[in-house]
Amino acid sequence: MIKKTLFFGNPAYLSTKNEQLVVTYPDKEQETKTVAIEDIGVIVMENQQITITNGLLEKLTNNNVALINCDQYHLPIGLLMPLSGHSEQTERFRNQIEASLPLKKNLWQQTISAKISNQGALLKEKGIPMRKMELWAKEVTSGDALNHEARAAVYYWDNLFKIEGFTRQQKGLPPNNLLNYGYAILRGITARALVSSGMLPTLGIFHRNKYNAYCLADDIMEPYRPFVDLIVCHIMETEDNIKELTVDIKKQLLSIASIDVQIDGKRSPLMVAMSRTTNSLHECFEGSSRKILYPVYL
């Protein structure tokens, strides 16, 4: 079943009754709404005047809902995840921690190759030459020792948006603001799937910044980024103003969880595909597989 992504951009009181999320609004003329908690995958709370009960937090946590809260500038800054997300969590933690360096380098090689391939496929869809991307994807070595990721990124960002002088920076000019928001949601989806598969989102296979609590999520989301880029491209083609993250633009970016992707020869919503990816990662850590499953951009 496809899990729902809920966005709250107005003041609201969030509580629970009979395994339902109950939404009550300060404006008494607005009708109270309910959503089955088991149907929810991600919640984004943007407004500073949202109140949520501890009882609801408990039920959301027990159902492994990724709860994302935003700052005063309406940008995601926090993610609430359960302490225990799988019945075999201790064993899976141990497998992850004891993963050998050669294995992690191999997994990173697969990850970057998949990322560059998907970036190239998006360029091809936009009518942009991508032969170099195909070659770089095939030439990625163990641990990406030759840094093909960076080489591909330069070409990718120079050509994708056709904006003179555009560079991909956290605080750069638009559409960096759209990319930041979309990637933040994707990061939450990835962290949720990792916890569900019994792994620590903190311990990465490549990323290892001591100040980053989601190193593994940042690793695993890499081949999924082009699907966010696709949505951003569509927004740029249909919206007159992308300097401001309007409610409509945010809704389009939040659709990332439900867009269809192809993984292992089958079409699946991205959130479902992410669970397949993280489960395949666990199998690599436990030694029953050597291949991590990633979606293929078609």
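**View 1. Packing of helices α3 and α4 in the predicted model.** In this predicted model, α3 and helix α4 (residues 131-139) pack with their axes 8 Å apart and at an angle of about 170°, where axes are lines fitted to C-alpha atoms, for helices over the stretch in contact, and angles run from 0 to 180 degrees between N-to-C directions. That angle makes α3 roughly antiparallel to α4, given that angles under 35 degrees count as roughly parallel, over 145 as roughly antiparallel, 65 to 115 as roughly perpendicular and the rest as oblique. On the α3 side the contact is made by S113, I116, S117, Q119, G120 and L123, and on the α4 side by M133, W136 and A137, contact meaning heavy atoms within 4.5 Å. The residues of this contact of α3 with α4 divide into 5 nonpolar, 4 polar and no charged; Ala, Val, Leu, Ile, Met, Phe, Trp, Tyr, Cys and Pro count as nonpolar, Asp, Glu, Lys and Arg as charged, and the others, Gly among them, as polar. Helices (H or I, at least four residues) and strands (E, at least two) are DSSP runs, numbered from the N terminus.

Residues are numbered from 1 along each chain as its sequence is written, and side-chain values use heavy atoms, with hydrogens and water left out. Because the model is predicted, local features need pLDDT of at least 70 and side-chain atom pairs count only at pLDDT 80 or more, while totals for chains, interfaces and linings use all residues.

**View 2. Helix α3 beside helix α5.** The axes of helix α3 (residues 101-125) and helix α5 (residues 148-159) come within 10 Å and cross at roughly 15°, which makes α3 roughly parallel to α5. The crossing in which α3 passes α5 is left-handed; a crossing is left-handed if the near helix is turned anticlockwise from the far one by less than a right angle, and right-handed if clockwise. From α3, the residues W108, I112, K115, I116, Q119, L122 and L123 meet H148, E149, A152, Y155 and Y156 in α5, and the residues of this contact divide into 8 nonpolar, 2 polar and 2 charged. At 1.5 Å a residue, the 25 residues of α3 should span 36 Å, and the end C-alpha atoms of α3 are 36 Å apart, which agrees; the expected span is 1.5 Å times one less than the number of residues. G127, whose phi is positive, near 75°, follows α3.

**View 3. Helix α6 against helix α8.** With their axes 10 Å apart, α6 and helix α8 (residues 225-238) pack at an angle of about 140°, which makes α6 oblique to α8. The crossing of α6 past α8 is right-handed. L178, L179, G182, Y183 and L186 of α6 make the contact with R225, V228, D229, V232 and I235 of α8, and these residues divide into 7 nonpolar, 1 polar and 2 charged.

View 4. Strand β2 (residues 12-17) runs parallel to β6, to which 3 bridges join it, and L14 stands opposite I52 in β6. β2 and β3 run antiparallel, joined by 5 bridges, and the bridge partner of S15 in β3 is V22. These two strands form a hairpin with 2 residues between them, and N18 in the turn has a positive phi of about 55°.

**View 5. The sheet β1-β5-β7-β8.** A further open sheet of 4 strands has the order β1-β5-β7-β8, with mixed pairing. β1 (4-8) and β8 (76-80) stand at the edges, each with a single partner strand, so one side of each is left without a neighbour in the sheet. The twist averages 20° from one strand to the next. β7 and β8 pair in the antiparallel sense over 4 bridges, and L67 has L80 in β8 as its bridge partner.

**View 6. Backbone geometry in two loops.** Most residues other than glycine have a negative phi, and most peptide bonds are trans. N64, in the loop between α1 and β7 (66-70), has a positive phi of about 55° although it is not a glycine. P174 and P175 are joined by a cis peptide bond, with omega about 10°, and P175 is found in the loop between α5 and α6 (176-196).

Note on methods. Two strands pair if DSSP finds at least two bridges between them.
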